[in-house]
Amino acid sequence: MEDIRINEELQRQKLFTADVAEIMKVRAINGTPKALVRTYGCQQNVADGEKIKGMLAEMGFDFTEEESEADFILFNTCAVREHAEDRVFGNVGALKNIKRKHPSVLIAVCGCMMEQEHVAERIKKSFPFVNIVFGTHVIHKLPEMMYTAIVDSKRVFVRGHETKEIVENLPIRRDGKSRAWVTVMYGCDNFCSYCIVPYVRGREKSRKSEDIIREVKGLVADGYKEITLLGQNVNSYGKGLEEDINFAELLRRLDAIEGDFRIRFMTSHPKDATHELFDVIANSRHIPHYIHLPCQCGNDRVLKEMNRHYDRAKYLSLIEYAKSIMPDLSLTSDIIVGFPGETYEEFKDTLTLIEEVKFTSLFTFIFSPRVGTKGAKMPDPIPAEEKSKWFQELLAVQERIAAERCASMVGSKERVLVEERNPKNGLLSSRTGSSIIIEFPGEDNLIGEFAEVEVTEARNWILRGQQVSR
Ligand code: SAH
Ligand code: SF4
Ligand code: F3S
């Protein structure tokens, strides 16, 4: 029933797509209409951006990075931290000059920031030259929103409208030829007390496994070498679906697909990580022995305040099990420093945790209050300069751990996926399945391919090597 409704809606959007394509032929500054799509934030947003580009391509758009030659400029925003928001406000403000030079340019702002009412209002009031503002649940209506903005010359504002169903079959214009993102679930139900994501992305919804498997098979057939499954908490995949399936089972089914490719996934919430998940990774053909398992901090009181639903002992016991079946397991994590009320003594528990686990790398953040979350209302007595010192201390410890780990890899042989040429030193830049960067000399035709590399040198957390064979 719901599928039928969505299909009807998509058919309606196709009519707007055709109309906008016709109009843009005449409106374009230089013959073919051009769009600039700039995405901020996490891979989920990147994946949405690729769908938006897919729809724009169907409306006849080419793509550009130059604001001055664009007929349509869209910023796909992130709300996770204050810094991310400030960048967007600055960059949207700067578009005023572009609009003055090219009054016909359409400007749109979408993404997570737009699901926060006070932010959408601010964009509406402060930037009257923005034509379209829309949230995370309605990207499939882009053709209609563009039609209304152009033909009715109206400003368009659409927030909310979260539906139970997932919109499948949107066109996707992927940025890469060897690495692809596949969303397996949308939204988040966890409400970690610092986090805005559940408010701007809505409730958890899993895609049907058949849709995911079909997409991954298609990507493998098209020659994609690395497929990253996306969700804010992939470990709760399957909840609410009619079929009886969990994330470990989904991985098992995807691993059964034939071909030369690897599967990665993010993000795994430790509260839902199971032994079954690690067993599947250990026994798989396509999944590297790597997991991004954000612990956020190492102190039990703070973890409880963060509403993370695990403690240090549970986290460490998960890792102990995982390492017992995969001694070469590589782990990465997100860490928040300076959660409201965290003391220096408590912060030191994070330092001892990272010493104990020896993460390959860390994504580290200073707590940033987000309007509407519980964390934003908690007393936060530690001054910013103090938190900044703790942060530097954390970085120094992690740098040493990463350097030691890298040094221990000299002499080993690694299978890597070559990503690009580093313009600074002319070397090919590649990644192991565990997300460690290895640079080595080689030809351009290796880009996007797997290669076998021997590690010859460790430079902090980047390795240098020589190709052994394909
Ligand atoms: N769903 C993922 C994380 C999504 S947000 C998970 O649960 O792991 C990515 C990271 O941003 C989080 O892991 C957290 O470390 C950080 N983060 C989120 N909200 C934040 C805030 N208000 N201040 C600082 N860091 C934050
Ligand atoms: Fe945010 Fe927590 Fe959900 Fe991750 S699991 S998106 S940190 S609320
Ligand atoms: Fe940012 Fe939204 Fe992702 S808030 S981190 S882009 S889900």
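**Exercise 1.** In which loop does R370 lie? Decide also whether R370 is buried or exposed, and list its contacts.

*Solution.* The model is predicted: local features need pLDDT of at least 70, side-chain atom pairs count only at pLDDT 80 or more, and totals for chains, interfaces and linings use all residues. Residues are numbered from 1 along each chain as its sequence is written, chains are lettered from A and ligands numbered from 1 in the order in which they are written, and side-chain values use heavy atoms, with hydrogens and water left out.

Step 1. R370 lies in the loop between β14 (361–366) and α14 (384–407). Helices (H or I, at least four residues) and strands (E, at least two) are DSSP runs, numbered from the N terminus.

Step 2. R370 counts as buried because its relative accessibility is 3%. Buried means under 20% relative accessible area, exposed over 50%, and partly exposed in between (1.4 Å probe, protein chains only).

Step 3. Contact means heavy atoms within 4.5 Å. Leaving aside neighbours within four places in sequence, R370 is in contact with A79, V80, R81, E82, E85, Y194, I196 and A376.

**Exercise 2.** Find the polar partners of ligand 1 at R81, Y194 and D334.

*Solution.* Step 1. Ligand 1 is surrounded by 15 residues, the closest being R81, Q232, Q296, D334 and S368. A residue is near a molecule or strand if one of its heavy atoms lies within 4 Å of it.

Step 1. A polar contact is a pair of N or O atoms within 3.5 Å; within protein, one must be able to donate a hydrogen and the other to accept it, and residues adjacent in sequence count only if both atoms are side-chain atoms.

Step 2. An N or O atom in the side chain of R81 is 2.9 Å from an oxygen atom of ligand 1. For Y194, a backbone N or O atom lies 2.9 Å from a nitrogen atom of the ligand. For D334, a polar side-chain atom lies 2.6 Å from an oxygen atom of ligand 1.

**Exercise 3.** Sort the residues around ligand 3 by type.

*Solution.* Step 1. The residues around ligand 3 are G41, C42, N45, C78, A79, V80, C112, R201 and Q232.

Step 1. Ala, Val, Leu, Ile, Met, Phe, Trp, Tyr, Cys and Pro count as nonpolar, Asp, Glu, Lys and Arg as charged, and the others, Gly among them, as polar.

Step 2. The shell divides into five nonpolar, three polar and one charged.

**Exercise 4.** Describe the surroundings of Y290.

*Solution.* Step 1. Y290 lies in strand β12 (residues 290–292) and counts as buried, at 10% relative accessibility.

Step 1. Not counting residues up to four places away in sequence, Y290 touches R264, L329, S330, T332, G433, S434 and S435.

Step 2. The side chain of Y290 makes a polar contact of 2.7 Å with the side chain of T332. Y290 and L331 are 41 residues apart in sequence but 5.9 Å apart in space, C-alpha to C-alpha.

**Exercise 5.** Which values of phi do S153 and S435 have, and where do these residues lie?

*Solution.* Step 1. Most residues other than glycine have a negative phi.

Step 1. S153 has a positive phi of about 45 degrees, and S435 has a positive phi of about 75 degrees.

Step 2. S153 is in the loop between α6 (142–151) and β6 (156–158), and is exposed, with a relative accessible area of 63%. S435 lies in the loop between β16 (428–432) and β17 (437–440), and is buried, with a relative accessible area of 16%.
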